[in-house]
Amino acid sequence: MLHALYALQGYDVIRSKSSLAAAAIDVEQRVMRENVGIQDQIECAYGGLNVIEIAPSGDWTVTPLLLSPERMDACRPA
């Protein structure tokens, strides 16, 4: 959504997943003044299955969880 809004206003599109997450957090917490966490915004920006670690400073790291093809097949609906 942020990519589309920025493009419509003529701004450069956010290129990194980290900067997209940071922008989404800023919009929700500062602009909309919502008292929310940051996990959802980070997960949406990065996509996939991840471990998200958030430091007390607010910095975060995202580590993708890679599943074997056999495990992926076992998780698919029949």
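This briefing describes the core, the strand pair, the surface patch, the salt bridges and some loop residues of one protein structure. The model is predicted, so local features need pLDDT of at least 70 and side-chain atom pairs count only at pLDDT 80 or more, while totals for chains, interfaces and linings use all residues. Residues are numbered from 1 along each chain as its sequence is written, and side-chain values use heavy atoms, with hydrogens and water left out.

**The nonpolar core**

- The largest nonpolar core has ten residues, namely Leu 2, Leu 20, Ala 21, Ala 23, Ile 25, Ile 38, Ile 42, Ala 45, Trp 60 and Val 62; such a core is a set of buried Ala, Val, Leu, Ile, Met, Phe, Trp, Tyr and Cys residues joined through side-chain atoms within 4.5 Å.
- Helix H2 (17-31), helix H3 (39-46) and strand E2 (60-64) each supply at least two residues of this core, and H2 gives the most, with four residues; helices (H or I, at least four residues) and strands (E, at least two) are DSSP runs, numbered from the N terminus.
- Leu 20, which has its place in helix H2, is buried with a relative accessible area of 17%, where buried means under 20% relative accessible area, exposed means over 50%, and partly exposed lies in between (1.4 Å probe, protein chains only).
- Once its neighbours within four places in sequence are left aside, Leu 2 is in contact with Leu 20, Ala 23, Ala 24 and Val 27, contact meaning heavy atoms within 4.5 Å.

**The strand pair**

- Strand E1 (residues 50-54) and E2 pair in the antiparallel sense over five bridges, and two strands count as paired if DSSP finds at least two bridges between them.
- One of the residues in this pairing is Val 51, whose bridge partner in E2 is Thr 63.
- E1 and E2 form a hairpin with five residues between them, and Gly 58 in the turn has a positive phi of about 100°.

**The surface patch**

- Leu 49, Val 51, Leu 65, Leu 67 and Met 72 form a nonpolar patch on the surface, with about 390 Å² of accessible area together.
- Patches are made of residues with over 30% relative accessible area and no salt bridge, with like charges joined within 9 Å and nonpolar side chains (Val, Leu, Ile, Met, Phe, Trp, Tyr) within 5 Å; the areas come from the Shrake-Rupley method with a 1.4 Å probe, and for residues only the protein chains shown count as cover.
- Leu 67 lies in the loop between E2 and helix H4 (69-75) and is partly exposed, with a relative accessible area of 39%.

**Salt bridges**

- A search of the whole structure finds two salt bridges, each defined as a side-chain nitrogen of Lys or Arg within 4 Å of a carboxyl oxygen of Asp or Glu.
- In one of them the side chains of Asp 26 and Arg 30 meet at 2.9 Å, N to O; these residues are four apart in helix H2 and are therefore separated by about one helical turn.
- Asp 26 is partly exposed at 31% relative accessibility, whereas Arg 30 is exposed at 56%.
- The side chains of Asp 73 and Arg 76 also meet in a salt bridge, at 3.2 Å, N to O.

**The loop between H2 and H3**

- Arg 33 lies in this loop and has a positive phi of about 55° although it is not a glycine; Arg 33 is also exposed, with a relative accessible area of 72%.
- Gly 37 is found in the loop between H2 and H3 as well, and is partly exposed, with a relative accessible area of 40%.
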